[in-house]
Amino acid sequence: IIMIISTVFSLTIYRGMVFEIERGLRMQSRRIIIHEQLNKKIIADDVFTELSPEEKIIFEEAKQRVTQRLLIVNLGIIFIAGVLSYFLAGKTLQPIEVMVNEQKRFIADASHELRTPLTTMKTEIEVTTRDKSFNFPQAKKLLNSNLEEINKMQALTNYLLSLSNHQDNQQALTKLPFSLKKAADLAFANVEKLAQDKKLAFTKKIQNLTLSGDIASISECLTILLDNAIKYSPKNSKIIFAAEAHGKKAVITIQDYGVGIAASDLPHIFDRFYRADHSRSKEKIDGYGLGLSIAKSIVDKHQGQIYAKSKIGSGTVFILELPII
């Protein structure tokens with residue numbers, strides 16, 4: 001587009017300059033002839049003559065110089081436009097490249113997570129069906145094992161659907177006033193059994209604040225953060241949940257005293273399928289690395305912020321900031 005504009009502009013300038021040069025030479029030739037005729041006291045009707053051979057040479061040289069200068073200018077424009085286009089195209093395509101790479105990684109991770117339970121089910125069925133002494137108790141054990149793997153796949157698909165819904169920018173968020181304390185109570189009810197199994201104690205400091213948004217989504221977000229804290233807390237420990245107003249923001253903190261997160265892992269904990277080092281791997285804790293991604297998507301939709309502070313061996317604190325009414 002730049003070169004089309006530059007070429008048209010250059011051709012316009014070229015034609016205009018050539019016309020003006022030729023016109024100037026003709027006018028100069030005309031003045032000379034008129035001067036000579038006046039000196040000879042001869043007045044002719046037509047004194048606009050053709051250019052002389054010397055003037056034609058000058059005219060051709062002027063055309064060549066104009067052409068050369070315009071060519072140099074256009075080459076400069078081509079070079080500058082090319083460099084700028086390359087730079088700007090790279091900047092424009094960078095987020096697309098990041099999105100494509102993220103999508104590839106997402107597909108690979110999802111495929112891996114689904115393949116593991118499918119492989120387990122397939123292996124168990126193949127081994128059991130080859131057993132000639134296969135009986136009803138073994139069949140019941142096999143079905144129970146397969147049911148566990150199906151539940152895992154169902155949990156994964158539910159996570160993926162929830163993540164997709166919360167990350168969908170096209171889906172408008174219905175904002176209604178709701179009590180933060182009520183949303184927190186719903187979240188505590190969801191994780192109560194998990195906390196009892198590990199004999200964990202909750203310390204609650206919740207101000208009665210009113211937020212605007214979807215109470216179900218905020219409750220889901222708090223449930224994810226509490227579930228995460230419970231999973232990585234040792235038995236007979238405690239979790240501190242606090243919520244208070246700081247200006248026009250509700251600041252919610254969920255602190256555990258578990259294994260903690262390494263500093264190198266903190267920038268990535270909200271990435272899909274990301275799981276931290278070996279101390280937080282599936283060998284000890286079940287999960288798919290999608291919960292915190294969902295939590296961040298919920299917070300983003302409510303124009304809030306979420307981040308974490310942690311130290312290995314000293315626990316983790318998640319900080320959630322949401323606008324209040």
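1. In this predicted model, helix H5 is largely enclosed by the rest of the structure, because 13 of its 17 residues are buried, buried being taken as under 20% relative accessible area.

2. Helix H5 (residues 215–231) packs against helix H4 (residues 180–197) at an angle of about 35°, the two axes lying 8 Å apart, and the crossing of H4 past H5 is right-handed.

3. On the H4 side, the residues that meet H5 include Leu186, Ala187, Asn190, Val191 and Leu194, while the H5 residues they face as a group include Ile215, Ile218, Leu222, Leu226 and Ile230. Sorted by class, the contact of H4 with H5 comprises 13 nonpolar, three polar and two charged residues.

4. The largest nonpolar core has 44 residues, and those with the most contacts inside it are Leu222, Leu225, Phe241, Ile252 and Leu320. Two or more residues come from each of helices H3 (136–167), H4, H5 and H6 (291–301), and likewise from each of strands E4 (238–246), E5 (249–255), E6 (305–311) and E7 (315–323); H5 gives the most, with eight residues.

5. Leu222 deserves a look from two sides, as a residue of H5 in the contact with H4 and as a residue touched by Ile252. Leaving aside residues up to four places away in sequence, Ile252 also touches Leu180, Phe241, Ala242, Ala243, Phe318, Ile319, Leu320 and Leu322.

Note on methods
Residues numbered from 1 in each chain as written. Predicted model: local features only at pLDDT ≥ 70, side-chain atom pairs only at ≥ 80, totals over all residues. Heavy atoms only, no water. Axes fitted to C-alpha atoms, helices over the stretch in contact; angles between N-to-C directions. Helix = DSSP H or I, 4+ residues; strand = E, 2+ residues; numbered from the N terminus. Left-handed = near helix turned anticlockwise from the far one by under 90°. Contact = heavy atoms within 4.5 Å. Nonpolar A, V, L, I, M, F, W, Y, C, P; charged D, E, K, R; others polar. Buried < 20%, exposed > 50% of the residue type's maximum accessible area, 1.4 Å probe, protein only. Core = buried A, V, L, I, M, F, W, Y, C linked by side-chain atoms within 4.5 Å.
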